[in-house]
Structure formats: C-alpha cells, structure tokens
Amino acid sequence: MTLKKSFDAAPEVANELVAIAHEMGIPQSAVIVIALEAYFLDYYRKKREKMQHKELIAA
C-alpha cells in the first residue's frame with residue numbers, strides 16, 4: 001500500500017528530520033516511516049499491557 005500525505009511541521013521538527021535523514025543517509029520519508037513504526041509498536045505494547053493489567057485486576 002502506498003500512502004502519500006503532506007503535512008506541516010514546526011520548524012524545529014522539520015530541521016531535526018532533515019538532520020536525522022542526512023546522518024542516516026536515507027530519505028526523509030524513510031525517517032518518518034521508521035518513527036511511525038516505532039510509535040505504533042509502542043502504542044500497541046502499552047495498549048496490550050493496559051489490557052493485561054485490567055484482566056489481572058478483574059481476576
């Protein structure tokens with residue numbers, strides 16, 4: 001699936017994105033994909049832990 005979306009970012013975020021992409025030698029879009037993957041993995045991990053905690057309390 002290909003998703004193309006433009007977005008506005010604070011200048012500080014945009015500058016950091018450019019710097020990281022340059023440092024890693026990858027396109028800026030790849031940095032965004034990597035960051036989103038990390039964000040979603042963390043989101044689902046926290047969600048799973050929260051559900052497990054609720055199950056322990058209910059038991």
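**Notes on a salt-bridge network and a helix pair**

1. Let's start with the charged side chains: Asp42, Arg45, Lys46 and Glu49 are joined in a network of salt bridges. Keep in mind as you look that this is a predicted model. The structure holds three salt bridges, and the next points go through them.

2. Take Asp42 to begin with. Its side chain meets that of Arg45 in a salt bridge, at 2.4 Å from N to O. Asp42 also forms a salt bridge with Lys46, where the closest N and O atoms are 3.2 Å apart. Along helix α2, Arg45 is three residues from Asp42, about one turn of the helix, while Lys46 and Asp42 are four residues apart, again about one turn.

3. Besides Asp42, Arg45 has Glu49 as a salt-bridge partner, at 3.1 Å from N to O. Arg45 and Glu49 both belong to helix α2 and sit four residues apart, about one turn of the helix.

4. Arg45, with a relative accessible area of 33%, is partly exposed, and so are Glu49 at 39% and Lys46 at 49%. The cut-offs behind this are under 20% for buried and over 50% for exposed.

5. Next, the rings. A search of the whole structure turns up two aromatic pairs. In one, the ring centres of Tyr39 and Phe40 are 5.6 Å apart and the planes are at 70°, so the pair is edge-to-face. Phe40 itself is partly exposed, with a relative accessible area of 43%.

6. The other pair is Tyr43 with Tyr44, also edge-to-face, at 5.0 Å centre to centre and with 75° between the planes. Tyr43 is partly exposed at 40% relative accessible area, and Tyr44 is partly exposed at 49%.

7. Finally, how do the helices α1 and α2 pack? Helix α1 covers residues 11-24 and helix α2 residues 28-58; they pack at an angle of about 100°, with axes 8 Å apart. The two are therefore roughly perpendicular to each other. On the α1 side, the contact is made by Leu17, Val18, Ile20, Ala21 and Met24; on the α2 side, by Gln28, Val31, Ile32 and Ile34. Sorted by type, the residues of this contact are eight nonpolar, one polar and no charged.

Terms used:
Residues numbered from 1 in each chain as written. Predicted model: local features only at pLDDT ≥ 70, side-chain atom pairs only at ≥ 80, totals over all residues. Heavy atoms only, no water. Axes fitted to C-alpha atoms, helices over the stretch in contact; angles between N-to-C directions. Parallel < 35°, antiparallel > 145°, perpendicular 65-115°, else oblique. Contact = heavy atoms within 4.5 Å. Nonpolar A, V, L, I, M, F, W, Y, C, P; charged D, E, K, R; others polar. Phe/Tyr/Trp six-rings, centres within 6.5 Å; stacked < 30°, edge-to-face > 60°. Buried < 20%, exposed > 50% of the residue type's maximum accessible area, 1.4 Å probe, protein only. Salt bridge = Lys/Arg side-chain N within 4 Å of Asp/Glu carboxyl O.
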